[in-house]
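Please open the structure in your viewer and keep the selection tool at hand. The stops below say what to select next and what is to be found there.

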Amino acid sequence: MKKNKKIYAATIGLGFGKTHASTFIKNKFSKLICVNDKDIKKKKLAKILKTEFVKNTKHIFNNKKINLISVASYDNYHFKHLYTAIKNNKNIFVEKPLCQNIKQFFLIKKLLKNIKIKLSSNFVLRYHPKFKKVKELIDKNAIGKIYSMEGEYNYGRLEKLTKGWRGKIPFYSIVQGGSIHIVDLIN
């Protein structure tokens with residue numbers, strides 16, 4: 001996107017995506033055009049957000065005004081939504097994981113090669129003050145040469161796997177959905 005160009009956004013998925021949508025509303029440089037969720041009951045959230053609820057994501061991808069799509073759908077839909085957004089020349093913010101397998105990853109990479117859109121995901125822990133301090137110490141060489149690293153991600157939400165949508169997705173990965181943060185921090 002060009003500098004100072006207004007962001008016209010849409011959000012797909014109103015679980016955590018509700019936070020994305022609220023952020024677009026609060027930001028003076030963006031306007032939330034519409035939202036979508038597979039669960040039609042979430043239509044009432046659109047009223048709270050004072051935006052349009054669209055039943056079909058095609059309305060989002062085909063809307064020429066929308067230049068940013070936030071994807072917060074179930075993990076197994078991320079690739080489909082990314083693929084369609086890229087094909088429609090939309091900037092994308094996607095909840096992790098980006099996709100579910102290496103074939104999907106390389107196809108996304110290939111599609112992005114000759115197109116000028118932005119793609120971002122939510123690796124928010126790197127901005128936490130504790131981790132920023134560690135990065136600062138490493139950059140200053142204040143803790144010496146790093147020779148080994150380890151990390152732990154305590155998911156701690158078993159009910160999300162046994163009773164929620166994650167347990168219903170074939171190939172759901174706690175690594176892709178959560179502990180990827182540790183990989184990001186180590187990198």
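Begin by selecting helix 1 (17-26), helix 4 and helix 8 (174-186), each of which supplies at least two residues to the lining of the largest pocket. Keep in mind throughout that this is a predicted model. Of the contributors to this lining, helix 4 gives the most, with 5 residues. To find the middle of the pocket, select Phe 16, Ala 72, Ser 73, Glu 95 and Trp 165, which lie nearest its centre among the 38 residues that line it. The volume of this largest pocket is about 790 Å³, and if you colour its lining by class you will have 13 nonpolar, 14 polar and 11 charged residues.

Next, select helix 5 (residues 102-112) and look for its buried residues, which are Gln 104, Ile 108 and Leu 111. Why do they line one face of the helix? Seen down the axis of helix 5, the buried residues fall within an arc of 65 degrees, and therefore they line one face. As a general rule, an α-helix has 3.6 residues a turn, so residues three or four places apart point the same way.

Then move to the start of helix 5 and select Asn 101, where a side-chain oxygen of Asn 101 reaches to within 3.1 Å of the backbone nitrogen of Lys 103.

From there, go to the loop between strand 5 (91-94) and helix 5, and select Pro 97, which is found in this loop. The peptide bond that joins Lys 96 and Pro 97 is cis, with an omega of about 0 degrees.

Is Asn 91 buried or exposed? With a relative accessible area of 6%, Asn 91 is buried, and its side chain reaches the backbone oxygen of Asn 67 at 2.9 Å. The side chain of Asn 91 also reaches the backbone nitrogen of Lys 118, at 2.6 Å.

Lys 50 counts as exposed, at 75% relative accessibility. Then select Asn 141, in the loop between helix 6 (129-139) and helix 7 (158-162), where phi is near 60 degrees, again a positive value in a residue other than glycine. The relative accessibility of Asn 141 is 56%, and Asn 141 therefore counts as exposed.

For the last stop, select Phe 131, which lies in helix 6 and counts as partly exposed at 36% relative accessibility. Leaving aside residues up to four places away in sequence, Phe 131 touches Leu 125 and Leu 185. To end with a distance across the model, pick the C-alpha atoms of Phe 131 and Lys 103, which are 28 residues apart along the chain and separated by 32 Å.

Methods:
Residues are numbered from 1 along each chain as its sequence is written. This is a predicted model: local features need pLDDT of at least 70, side-chain atom pairs count only at pLDDT 80 or more; totals for chains, interfaces and linings use all residues. Side-chain values use heavy atoms; hydrogens and water are left out. Buried means under 20% relative accessible area, exposed over 50%, partly exposed in between (1.4 Å probe, protein chains only). Helices (H or I, at least four residues) and strands (E, at least two) are DSSP runs, numbered from the N terminus. The arc is that of the directions from the helix axis to the C-beta atoms. A polar contact is a pair of N or O atoms within 3.5 Å; within protein, one must be able to donate a hydrogen and the other to accept it, and residues adjacent in sequence count only if both atoms are side-chain atoms. On a 1 Å grid over the protein atoms alone, a cavity is a set of points where a 1.4 Å probe fits but cannot get out, and a pocket is an open set with protein on both sides within 12 Å along at least five of seven lines; lining residues have an atom within 4 Å of a point. Grid points are joined across faces, edges and corners, and a volume is the space filled by probe spheres set on the points. Ala, Val, Leu, Ile, Met, Phe, Trp, Tyr, Cys and Pro count as nonpolar, Asp, Glu, Lys and Arg as charged, and the others, Gly among them, as polar. Contact means heavy atoms within 4.5 Å.
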